[in-house]
Amino acid sequence: MLAQDRNRQIDRPATHRVWRTVGFPIWLYLSWYRSRTIRQKRVVWAWTFLSVPLLFYVVIRFYPTADAFWLSLHDWNLLSDMEWAGMSNFGRLAADPEFWQVFWNTFQYLLLGTPISLVIAFTIAYYLDQVRFMHGFIRALYFLPFLTTAVAMAWVWRWFYQPVPVGVFNNILAELGIAQQPFLRSTSQALPSVLAPAIWAGLGFQVIIFLAGLRAIPQSYYEAARIDGVSRLTILWEITIPLLKPTIVFLVVFSSIGFLRIFDHVFNMTTNDPGGPLNSTEPLVLMIYDTAFNGFQMGYAAAQTVVLFLVLLVVSLIQLRILRDR
Amino acid sequence: MTATLDAAGRLGAGEGGTARFFRTPIRPGRIVMWTLLFLGGITMVMPIVFMLSTSLKYPHEVFDLSLIPQEPTLENYIYVLEDGRFFRWFINSLLIATATTLSCVFFDSLVGYVLCKFKFRGRYIIFIAILSTLMIPTEMLVIPWYLMAQSFGWLDTYWGIMFPGMMTAFGTFLMKQFFETVPDDFLEAARIDGMNEFQIWWSIAMPLVTPALSALAIFIFLGNWTAFIWPLIVTTDSNLYTLPVGLTTFSVEQQIDWELIMTGASLATIPTLLVFLFFQRYIIRGVVLAGLKG
């Protein structure tokens, strides 16, 4: 008898169980909804639409952010219990010469990458804007690298940098009778060598944005300048660049954040000794990755991420301040 | 920001900017300028061309710098694809990028729409809260995400790779900006016709912002297709690697067989290049829209 009952229950469609549990709350919700006014109904719709996204932002964005700060105040290697460490992780960072090396590397990527890439991109965009013959084709050539995968291109450039007989650059140098360069093998040349493909890949985006900015400058300014008989250089300095300021601010901040977070290129171009030689190319993100997922020092790594956050915040704020004022 | 595209939303050549003002008869200076720009453009694509040409070469030809292989061969591609893993990684990347893009396009525009068109208490706070997540770098969240994935058993699953990117604050902000351009009258008319709010959003508001949706989709897809650090952290099973992570592993294995590494790199690059060739205009417009409004 009992066994039969149990069997009968199993035979029922699976949806029955689902409805038995969620049916009542849904009915309650709907009947409550029906008794609302039109205005209230819209608010209900708004919150219904927002429910899943809000859950997502709380669980996947806000909680992890808080967790990162919380972890940075602890010592934890994933196996043992978490131990309160106060600010000692930050003290340890400040006393670590590797960290200061990494910190300086990160800023080198920023200080070299942003100005160089923006000047090149602006020059290209400024002249490309005046070109009509095959404009679209040339623009596509400059834009193409932006669509490549950083990992794939890091390996291509790594191949370029190899010593003879493999590397393209050293082969060209040999043809020209110039001394061979160590590139990725030297502590002084490695960082610019890693930076080059990152600049190369981002250039297309900056050119496209500059082109759009140039196009947005009203024609009448140029006409007025022409009537006044102003030279081209003056027009560039007095009209084009000031009116392009919103675009410039956006690109400076956007690309700076990109260079401060450089990782893919460094990781792939120095896989035999990540961040090498002698940490000379190691950026902050690589140090974080290494501390967290090779060293399993979660608290210490979290402290480094807090430093990264502060660096990004301070650099962006300073840039916005300086560029907006001028 | 103030970017004006022409009526068709294109960035056509010479419609504005300095172009018309400087339009002059062909002079030697202009020819030099054009040639320099053209050569610059060719230099820009050289790494890609070198990669593709080397992937078609036999090992003994790799050290030869000529761009056109003397005896082109698909040997490398056959070798790499026979391995089977590349195909798997390709499918993984495609699945993950597609699923994330669909989710982002759906939820980002939904949230953007709600924040733009609905008036209710707490709207402003929610907007600021979502926007503030833009200030948090992904790298800061990877450790908590990893711990979360570990405790929920999401390591080495598709969901584990995808979950951090299912919605973006950037997309929400972008879509909110674009829904501002949709007149309230349209929505009101639909409401009087008896459509519910979901139908209004889906069948009235969404079709009016398709340029923005495609811009967002391009950006999100590209971002996920090339994403590296998070898939690298969350996957240890080679069957679940995405293309970039797989390519790293593969390249490290090959060590000095550059023609094979170039083949792998080509396989990771060719799909996006093909898509670009077909949808060039939309992609460039999308990047401009997303870049300037976002």
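Good morning. A helix, as the word is used here, is a DSSP run of type H or I with at least four residues, and a strand is a run of type E with at least two. With those terms in hand, chain B contains 13 helices and zero strands. Please keep in mind throughout that the structure shown above is a predicted model.

Let me stay with chain B for a moment. Its pattern along the sequence is α-α-α-α-α-α-α-α-α-α-α-α-α. Taken along the principal axes, the C-alpha atoms of chain B fill a box of roughly 75 × 70 × 35 Å. Chain B has 294 residues, of which 44% count as buried. What share of the contacts in chain B between residues at least 6 apart in sequence join residues at least 24 apart? The share is 75%.

I turn now to one element of this chain, helix H3 of chain B, which covers residues 85-117. Two packed helices are described by the angle between their axes and the distance between the axes. For H3(B) and helix H7 of chain B, residues 169-179, the axes come within 7 Å and cross at roughly 50°. The crossing of H3(B) past H7(B) is right-handed. On the H3(B) side, the residues in contact include Cys104(B), Asp108(B), Val111(B) and Leu115(B), and on the H7(B) side they include Gly171(B), Met175(B) and Phe179(B). Sorted by class, this contact has seven nonpolar, four polar and three charged residues.

H3(B) also packs against helix H10 of chain B, residues 210-226, at an angle of about 145° and with the axes 9 Å apart. Here, too, H3(B) makes a right-handed crossing, this time past H10(B). Among the residues that H3(B) brings to this contact are Ile96(B), Thr100(B), Cys104(B) and Asp108(B), while H10(B) brings, among others, Leu213(B), Ala217(B), Ile220(B) and Trp225(B). The classes in this contact are 10 nonpolar, five polar and one charged. Cys104(B) and Asp108(B) were named in the contact with H7(B), and both are found in the contact with H10(B).

One further residue of helix H3 of chain B deserves a word, namely Thr98(B). Is Thr98(B) buried or partly exposed? A residue needs 20 or more other C-beta atoms within 10 Å to be buried; Thr98(B) has 14, so it is partly exposed. Its C-alpha atom lies 17 Å from that of Trp230(B), although 132 residues separate Thr98(B) and Trp230(B) in sequence.

Next, how the two chains meet. The contact takes 83 residues from chain A and 78 residues from chain B. Which element of chain A gives the most to the side that touches chain B? That element is helix H3 of chain A, residues 38-71, with 16 residues. The side of chain A that touches chain B divides into 60 nonpolar, 13 polar and 10 charged residues.

Chain A itself is divided into domain 1, residues 14-63, and domain 2, residues 92-325. The centres of these two domains of chain A, taken over C-alpha atoms, are separated by 46 Å.

Let us look at some local features of chain A. Ser193(A) has its place in helix H9, residues 190-215. Because 22 other C-beta atoms lie within 10 Å, Ser193(A) is buried. Leaving aside residues up to four places away in sequence, Ser193(A) touches Tyr161(A), Phe183(A) and Leu184(A).

Phe183(A) has a phi near 45°, a positive value in a residue other than glycine. Phe183(A) counts as buried, because 22 C-beta neighbours lie inside 10 Å.

Phe296(A) also has a positive phi, of about 50°, and is not a glycine. Phe296(A) is found in the loop between H14 and helix H15 of chain A. With 13 C-beta neighbours inside 10 Å, Phe296(A) counts as partly exposed.

Finally, consider helix H14 of chain A, residues 284-293. Eight of its 10 residues are buried, so H14(A) is largely enclosed by the rest of the structure. Among the buried residues are Leu284(A), Met287(A), Tyr289(A) and Ala292(A). Thank you for your attention.

Key
Residues numbered from 1 in each chain as written. Chains lettered and ligands numbered in written order. Predicted model: local features only at pLDDT ≥ 70, side-chain atom pairs only at ≥ 80, totals over all residues. Contact = placed C-beta atoms within 7 Å. Nonpolar A, V, L, I, M, F, W, Y, C, P; charged D, E, K, R; others polar. Domains from an automatic or database assignment. Axes fitted to C-alpha atoms, helices over the stretch in contact; angles between N-to-C directions. Left-handed = near helix turned anticlockwise from the far one by under 90°. Buried ≥ 20, exposed ≤ 12 C-beta atoms within 10 Å, placed from the backbone.
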